[in-house]
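Please take a moment with the sequence and the model before I walk you through a few parts of it.

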Amino acid sequence: MNYIPWLINSALVLCLCLALPAHTAAGRYNISFAQLDSCASYTIREAGYAYRDFFMVHTLDNNQIKGKERLHLKFYVLTSMDAHILLSVTNRLRPNDRVYEIVIGAGGNTFSAIRTAMGLRRVSTNQDRNLLSVFEPTPIEIVQTQDAELFVYIPGFKTEPLLQFMDASPLTINYISFSSFGTNSARWFYDCSFDGFDKEISKETAALSVEQLLLANLVFQGENSSVPVNLTTIGFHFQARSIAYEQANALLSTRMHLMLHWQDKRLSWDPEDFGQLKSFEHPLLQIWTPKLTVLNGAMDSLGEALKAYELRVFSDGNVTLSASNLELSSWCVDSARNWPKERIECNVELGVLRQPSESNLILNYERQRSPIAPNEHVNTPSGWTIVGVSVVNLGNDTDTACRYSDQGRLQTMTGDVSIGFMLQRNSAFYMSVFYMPLIACEIFIVLSFVLRSTRRSALILIAILIISWALMYITRHASPHYVPALMSGYKVVMIVSCYCYVLHICIMWLECYPPRSKAPALLATLINSNLLRCVLGLRYADANEYCDIQEKPWPHLAKILNNLSFIGVCIAFGVMTVTSGV
């Protein structure tokens, strides 16, 4: 059959493959990835040309140093181009320090070079191309002889040195570092056991400084940030820096510098053992800190209030927590109901969060504690000014917010404090903005009674326009939860202005277009009443006046209405002035 030869050939190929010894694929340099499993590796992922990490060269333990050699290193690299190797005396280099910088596959994997400064002073160049690859590791071998010669080899490429440099003043190499260029990444393999170079370099481990030793000691003594034993009181003091009150939202925004003080005997140390350090602060310091909370907090102040702070520990075990820019939000309801002359007290109630099994921690206000200055020069970006500051201790019998644990259990408030800010509105500003238009409208309306014709109507209309504008503007500042007395005053002036305009129309009608019908006898008697005319400031009716009233009573009625309305308006303005505080 036709498929029998195909089966025979397949069987022969399978037997041949099974008979061959197993091996791992290797590249042109005869280095397999399986061999690199015995190496340590270093990967460069960050873009850019920079030597970020340094390795110490083991000059004494380097077991591949032969006769007349000062240094013998070998490692492997996977990259497409620009494999940078830096050999230096120190790990703290300046831009122009003398180094040996070896670049393999520079210029897009087109040449290699040796430089005596980072990026500068090329002293040796090789034009061999395509030495590097991301698919197979490239071996690099560096030899420094006692005759001040530096050789760079690519084993498996050729036996002669790829690069060679004779240095009249050879460097003593203590550190090595790797880098790449541009957006190119690279992976280096070193300390490989399969080729015998397993004790060449190691990651630099500098000796711990006094600060690092003290930091480790404090973190250890802090016992996983547990609560200090026998801690019952936490001292605090503060300096208010900014207070803003939003009456419409009943929200108080406070910015302050707060400092807390407590003692933890576990954190004490002998300054002689740590370089005479008597105080210590570090961003990695992990010790117990009080979880301060705002009991009447709002918005972002719910939960733990301390989010950014600095810690300082003293050798005697005293700890200071400083929050230089603590922003707190709390509820504060305006109960004065006397816009714009309110004087209210807003409280910021502080306490320490604790577990039900933990004892109560008392906040103790230390009024004279330094270095924070007294509460002076407080910024008030809103229309409220601070009059006074007070601190009182809270208790279960105090009419304040209740306190509950995370499990919803009611907790005692003994030890909590309330910082009270007495606030007062800037009434002088509102006097100028809102009271002056009201007074001006009252003057315009009163003056309208002594004018006639279009001038009178013009004054009344101006008063109506000013009152309408002021009423619209006042809604941006007054509390919408009740009707302030000042707004009631505007309402009265608006009603009086409308009445005066209607009165002006009636007077013009009575004087210019009086009714043709005869006035009732009672109306004529009322107009001729000397008592009424005396009260209204009119002349007594003589014989001529009497005759004129009998013939034309309507114009005299207009005068009586005008004077009577004038008296009524003055009385209304007086009552309004007393009730609205104008």
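Predicted model: local features only at pLDDT ≥ 70, side-chain atom pairs only at ≥ 80, totals over all residues.

Let me begin with a term that I will need throughout: a residue is called buried when its relative accessible area is under 20%, exposed when that area is over 50%, and partly exposed in between, using a 1.4 Å probe and protein chains only. Residues are numbered from 1 along each chain as its sequence is written, and side-chain values use heavy atoms, with hydrogens and water left out.

First, the overall picture. The protein has 582 residues, of which 43% are buried, and its secondary structure comes to 10 helices and 23 strands; here helices (H or I, at least four residues) and strands (E, at least two) are DSSP runs, numbered from the N terminus. If we take contacts, meaning heavy atoms within 4.5 Å, between residues at least 6 apart in sequence, then 73% of them join residues at least 24 apart.

Now to the aromatic rings. Rings of Phe, Tyr and Trp (its six-membered ring) pair if their centres lie within 6.5 Å, and planes under 30 degrees apart count as stacked, over 60 as edge-to-face and the rest as tilted. A search of the whole structure finds 19 such pairs. One of them joins Tyr42 and Phe178, a tilted pair with 6.2 Å centre to centre and 40° between the planes. That pair links distant parts of the chain, since Tyr42 lies in strand E1 (residues 40–44) and Phe178 in strand E11 (residues 175–179), 136 residues apart.

Why does Phe178 count as buried? Phe178 does so because its relative accessible area is 1%, and Tyr42 is buried as well, at 12%.

Phe178 also pairs with Phe55, again in a tilted arrangement, with 5.9 Å centre to centre and 55° between the planes. Here too distant parts of the chain are linked, with Phe55 in strand E2 (residues 54–57) and Phe178 in strand E11, 123 residues apart. Ring pairs link Tyr42, Phe55, Phe75, Phe178, Trp188 and Tyr190 into a cluster.

Finally, let me turn to Ser242, which sits in strand E14 (residues 233–246). Ser242 counts as buried because its relative accessibility is 13%. Leaving aside residues up to four places away in sequence, Ser242 touches Ser253, Thr254, Arg255, Val378, Asn379 and Pro381.
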